[in-house]
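Subject: The structure and some notes on it

Dear colleague,

Please find below the structure that I promised to hand over, and keep it open while you read the notes that follow it.

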Amino acid sequence: MQVMGKHYRTVWMEDDKVFLIEQNKLPFKFEIFSSNDYHKTCDAIKNMLVRGAGAIGTTAGFAMAQAFLQAPKNTWKNFVQNAKKEIESTRPTAQNLFYATDKVYNAAINSPTPIQAAQAAAQNISDEDIAACEKIGELGNTLINNSANILTHCNAGWLAFTDFGSALSPIYKADASGKDIFVYVDETRPRSQGARLTAWELQQQNIAHKIIPDNAAAYFMQNKKIDLIITGADRIAANGDTANKIGTLEKAICAKAFGIPFYIAAPSSTIDIKCSSGKNIPIEFRSDEELLYQTGIDKFGKSHTIRVCSPESEGINPAFDVTPAEYITAIITEKGIFKPEEIENVFKQEN
Ligand code: MRU
């Protein structure tokens, strides 16, 4: 996607260096972070300099390749096995993380040229992510009518992948095909990925949108302002239950109550066919500081982090919830658009 007229991928690797768009600084500053050490790349995932299912997967694949590059000659197998565990501990809900570490590790561990094999496998994950997201856009566009009002939650745009995005990809394709669309953007507390990232992306693409408070979505649904909802996914279980950013569940329940189609958009790399139901998806809990403090800029452009909650109170901060399959109209993948109950059959051979 374009940023100020220049094409960027969200994450990329050159030689031993991983480069990524520093998402904690957006939308106020556009900066590129780089790392030539897999530990540092792990920290970037953990601290959410890079976030979103596909972007986490691509970065994890590159971190794995860095581990192969950094491994000492005599103990390299042990080194990369430990690195794999370290990378996988960064964001436990994101299926793409495990998809990527497994792919790179398996491609390289028995190869006569492990470093080259790891680098090629990691690059392949990144390229496949782009192709899958573009296809999701084309297929998802068929579900969007001209003049549609679309609600989305969190950020499942190109920043959450290597390019194009999942939930936002159909929106970009609808816009490019000349449809007049409008996007309601849930702010998505506590980290505000909707207000900060999705709104910024849509702004860059000149797509009409407004940010709404998280708790306003039901109001807009009840008042017939929303025609369809598209969100991303962090992990999809075999039965179609889907983990996504906290707050997705209540949007899906409201959508069903008001007869509004609720779509999940995700590449097949987000489907965890070994996970039979959403009950088995691990949910990441993050520091309550994300809830108790907010960071923004003042009118002079100076950044401040301020406490926005009662000084003596603590918080609880689950990062994801699971939407049961019964609330999901369909899942848009690069292989087609499927009912949640079709997922297991369609994808069981793939993993
Ligand atoms: O915690 P994050 O920002 O990494 O959360 C992931 C997400 O951005 C959302 O849950 C998104 O809708 C799915 S990832 C494309």
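Is Thr-188 buried or exposed? Thr-188 is buried, because its relative accessible area is 0%, where buried means under 20% relative accessible area, exposed over 50% and partly exposed in between, with a 1.4 Å probe and protein chains only.

Before going further, please keep in mind that this is a predicted model, in which local features need pLDDT of at least 70 and side-chain atom pairs count only at pLDDT 80 or more, while totals for chains, interfaces and linings use all residues. Residues are numbered from 1 along each chain as its sequence is written, and side-chain values use heavy atoms, with hydrogens and water left out.

Backbone features

Most residues other than glycine have a negative phi, and most peptide bonds are trans. Thr-188 is not a glycine, yet it has a positive phi of about 70°, and it is found in the loop between β7 and α7; here helices (H or I, at least four residues) and strands (E, at least two) are DSSP runs, numbered from the N terminus. The loop between β7 (182-186) and α7 (193-204) also holds Pro-190, which is joined to Arg-189 by a cis peptide bond with omega of about 5°. Another cis peptide bond runs from Leu-26 to Pro-27, with omega near 5°, and Pro-27 has its place in the loop between β4 (17-21) and β5 (32-35). Lys-224, which is not a glycine either, has a positive phi of about 60° and sits in the loop between α8 and β9 (228-231); Lys-224 counts as exposed because its relative accessibility is 74%.

A hairpin is formed by β14 and β15, with five residues between them, and Gly-301 in its turn has a positive phi of about 85°. The strands β14 (residues 293-297) and β15 (residues 303-307) pair in the antiparallel sense over five bridges, where two strands pair if DSSP finds at least two bridges between them. In this pairing Tyr-293 stands opposite Arg-307 in β15.

Charged side chains

Side chains of opposite charge can pair when their charged atoms come close. A salt bridge is taken here as a side-chain nitrogen of Lys or Arg within 4 Å of a carboxyl oxygen of Asp or Glu, and by this rule the count comes to 13 salt bridges. One of them joins the side chains of Glu-88 and Lys-84 (3.0 Å, N to O), and these residues are separated by about one helical turn because they are four residues apart in helix α3 (residues 76-88). Both Glu-88 and Lys-84 are buried.

The side chains of Arg-235 and Asp-272 also meet in a salt bridge (2.8 Å, N to O). Arg-235 lies in strand β10 and Asp-272 in strand β13 (residues 271-272), so the pair ties together parts that are 37 residues apart in sequence. Arg-235 is buried, with a relative accessible area of 7%, and Asp-272 is buried with 11%.

A network of salt bridges links Arg-91, Arg-191, Glu-284, Arg-286 and Glu-290; within it, Glu-290 and Arg-286 meet at 2.6 Å, N to O, and Glu-284 forms a salt bridge with Arg-91, the closest N and O atoms being 2.8 Å apart.

Which charged residue is buried yet has no salt bridge? This is Asp-214, for which the nearest side chain of opposite charge, Lys-251, is 4.9 Å away; Lys and Arg count as positive and Asp and Glu as negative, while His and the chain ends are not counted. Asp-214 lies in the loop between β8 (209-212) and α8 (217-222).

The two domains

The chain is divided into domain 1 (2-133) and domain 2 (138-350), with bounds that come from an automatic or database domain assignment. Contact means heavy atoms within 4.5 Å, and 38 residues of domain 1 are in contact with 39 residues of domain 2. The domains bury about 3,100 Å² between them, 53% of it on carbon and sulfur atoms, where buried area is the accessible area (1.4 Å probe) that two parts lose on being put together, summed over both. Thr-93, Gln-95 and Cys-133 supply 21% of the area that domain 1 buries against domain 2, more than any other three residues. Across this interface the rule finds one salt bridge.
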